[in-house]
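I looked up a few residues one by one and wrote down what came out.

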Amino acid sequence: PHAGARLSIVDMDDYEIAAGTTKLFDVSEDKATIFEVPVGVTVQTPSFMFQTFEVKPYVDVTLRGRFGDTESSYTLEGSSTIAGFAKTDDYDVSGSFVGDLKVGYMSTYKNLNLGMSYGLSAGDAGRQNHAIEATMRVDF
């Protein structure tokens with residue numbers, strides 16, 4: 001089992017929207033402070049030998065609750081070209097809950113470690129993240 005805590009402070013810059021050299025809008029973003037608490041478990045199956053490598057398959061499941069500024073807003077204001085226009089929209093920065101699943105293996109031969117894994121993250125904000133990771137490590 002594993003548990004932890006993370007703090008992320010995301011400072012989003014303000015920017016302009018232009019058409020050619022004509023400035024149309026100024027966009028103001030908020031700063032977001034997000035606190036995350038991941039809790040999970042890693043299960044390793046029994047290792048086996050392949051050629052000269054000892055192979056250790058694993059599965060990791062983690063649930064991450066997020067608190068703080070998980071939602072934010074931006075303000076769109078018209079420049080002198082579109083004077084008087086202003087609109088504020090809310091959006092989801094990170095979601096309040098994310099689940100992670102990672103399936104992979106680590107193989108070892110003397111001081112050489114090779115591994116590969118596939119990861120899937122999905123949360124309440126409708127986002128999904130897929131990742132394939134290859135690892136090579138030499139221990140000294």
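I started with F97, which is partly exposed at a relative accessible area of 39% (buried means under 20%, exposed over 50%, partly exposed in between, with a 1.4 Å probe and protein chains only). I placed F97 in strand β10; strands are DSSP runs of E, at least two residues, numbered from the N terminus. This is a predicted model, so I kept to pLDDT of at least 70 for local features and 80 or more for side-chain atom pairs, while totals for chains, interfaces and linings use all residues. Residues are numbered from 1 along each chain as its sequence is written, and side-chain values use heavy atoms, with hydrogens and water left out.

Next I looked up the nonpolar surface patch that includes F97. Two or more residues each come from β5 (31-44), β7 (53-68) and β10 (97-109). For the patch I used residues with over 30% relative accessible area and no salt bridge, nonpolar side chains (Val, Leu, Ile, Met, Phe, Trp, Tyr) being joined within 5 Å and like charges within 9 Å. A salt bridge here is a side-chain nitrogen of Lys or Arg within 4 Å of a carboxyl oxygen of Asp or Glu. Areas are Shrake-Rupley values with a 1.4 Å probe.

I then searched for aromatic pairs (ring centres within 6.5 Å; planes under 30 degrees apart are stacked, over 60 edge-to-face, the rest tilted) and found one. The ring centres of F53 and Y109 are 5.8 Å apart with planes at 50 degrees, so I logged the pair as tilted. F53 is in strand β7 and Y109 in strand β10, so the pair ties together parts 56 residues apart in sequence. Y109 is partly exposed at 33%.

Backbone next. Most residues other than glycine have a negative phi. I noted K110, not a glycine, with a positive phi of about 55 degrees. K110 sits in the loop between β10 and β11 and is exposed at 68%. Q51, also not a glycine, has a positive phi of about 55 degrees; Q51 is in the loop between β6 (48-50) and β7.

Last entry: is N113 buried or exposed? N113 is buried, at 3%, and lies in strand β11 (residues 112-123). Its side chain makes a polar contact with the side chain of D139 at 2.9 Å (N or O atoms within 3.5 Å, one able to donate a hydrogen and the other to accept it within protein; residues adjacent in sequence count only if both atoms are side-chain atoms).

Notes:
Helices (H or I, at least four residues) and strands (E, at least two) are DSSP runs, numbered from the N terminus. Rings of Phe, Tyr and Trp (its six-membered ring) pair if their centres lie within 6.5 Å; planes under 30 degrees apart count as stacked, over 60 as edge-to-face and the rest as tilted.
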